[in-house]
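Open the model in your viewer and keep the selection tool ready.

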Amino acid sequence: MANPNNVIVTGGSGLLGSSLVHQLVEGGQEHPIVMDINPDPKRLKDIMDQIEYVRSDVADPEALASLIGRTKPTKIYHIAAYLGDACERNQMEAVRINVNGFMHLLETARQHNVSRVLFSSSATTYGEDLEEGEVLNDRTLQRPASFYGITKVFAENAGRYYRRRFGLDYRGIHYPAIIGPGERVGGIVSYTSAIIEHSARGESYTVPISPEIRLPLVYVEDGGRALIMLGNAPAENIKTVNYFINGVKDPVPTAGEMVEMVNRHIPGARITFDINPEWDKLLKSASHLVDDNSSVREWAWKPSYDTYDKIIDAYLQALKNE
């Protein structure tokens, strides 16, 4: 029998995962069990006595089956992933973690009657064969330009298959660029956070993409809240299954405009541009605004941080509180 309080969060020590875990703890309704390979989960240090932390690889099917069988969760929030830049360097490891790991999770969840699986996907599931200026929605054809996006679109469709074939209540979000405090490795869109973080610490930073690139953005706190909201939405409301969300609403700033805003908040910030052609090409393919009307209509999504200025303020406050 499922434990009504237990939920598993894979990748729960990372940027998005740790925000979600903190919000679950604050909500007090569910007990988070974090599965992560991180030997030093610094983002969770203030709540380690309120969670269970299991250091394990989500792509290890035996470890996954053991944890799910022992804890009997009602939900699994699957955030663990091999990130974008790393996927471009090592495709087979990307398959092991992002494809095989997720398949093991879906199958084990089905076997153990887990009620709901929530998946952190990415707007990089879109990219090729898009018109310049085209606004993406949840019915836009998915042709990823990156290998990371390829693994994510596979997972979205595998989740949808398990929902239709086996009745597993799978739901997912294709996230835009997620902004929030803390260093991270392997994220092509990490410049959206780094221009704030390095500047706040008095360090110089070089943006590796073109100033005119304009990506949808969401603050990490909104990102975690969105997945919780999606997980709590009544089953009869879920029609679209995999959803876009917006954080920053119109106008969404370009990288150049983001730098200008950071300079206004942090006088003396030292930010320059030195374009990485490979990254620039991948991000240009993803440089499209998104329509999140499905998430607004079906589970009442609304961001709290709907401008980049609000994100900068929240980010700087979070750094002060570290």
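Select the lining of the second largest pocket: 2 of its residues are nonpolar, 9 polar and 8 charged. Here Ala, Val, Leu, Ile, Met, Phe, Trp, Tyr, Cys and Pro count as nonpolar, Asp, Glu, Lys and Arg as charged, and the others, Gly among them, as polar. This is a predicted model, in which local features need pLDDT of at least 70, side-chain atom pairs count only at pLDDT 80 or more, and totals for chains, interfaces and linings use all residues. Residues are numbered from 1 along each chain as its sequence is written, and side-chain values use heavy atoms, with hydrogens and water left out.

Among the 19 lining residues, Asp138, Arg139, Arg160, Thr240 and Asn242 lie nearest the pocket's centre. Now colour α10 (293-299) and α5 (147-166), each of which supplies at least two lining residues. α10 gives the most, with 4 residues. Helices are DSSP runs of H or I, at least four residues, and strands are runs of E, at least two, numbered from the N terminus.

Next, select aspartate 169, in strand β6 (residues 169-175). Is aspartate 169 buried or exposed? Aspartate 169 is buried, at 11% relative accessible area (buried is under 20%, exposed over 50%, partly exposed in between, with a 1.4 Å probe and protein chains only). Show its side chain: polar contacts join it to the side chains of arginine 163, at 2.8 Å, and arginine 171, at 2.9 Å. A polar contact is a pair of N or O atoms within 3.5 Å; within protein, one must be able to donate a hydrogen and the other to accept it, and residues adjacent in sequence count only if both atoms are side-chain atoms.

Last, go to asparagine 113, which follows α4 and has a positive phi, near 60°.

Notes. On a 1 Å grid over the protein atoms alone, a cavity is a set of points where a 1.4 Å probe fits but cannot get out, and a pocket is an open set with protein on both sides within 12 Å along at least five of seven lines; lining residues have an atom within 4 Å of a point.
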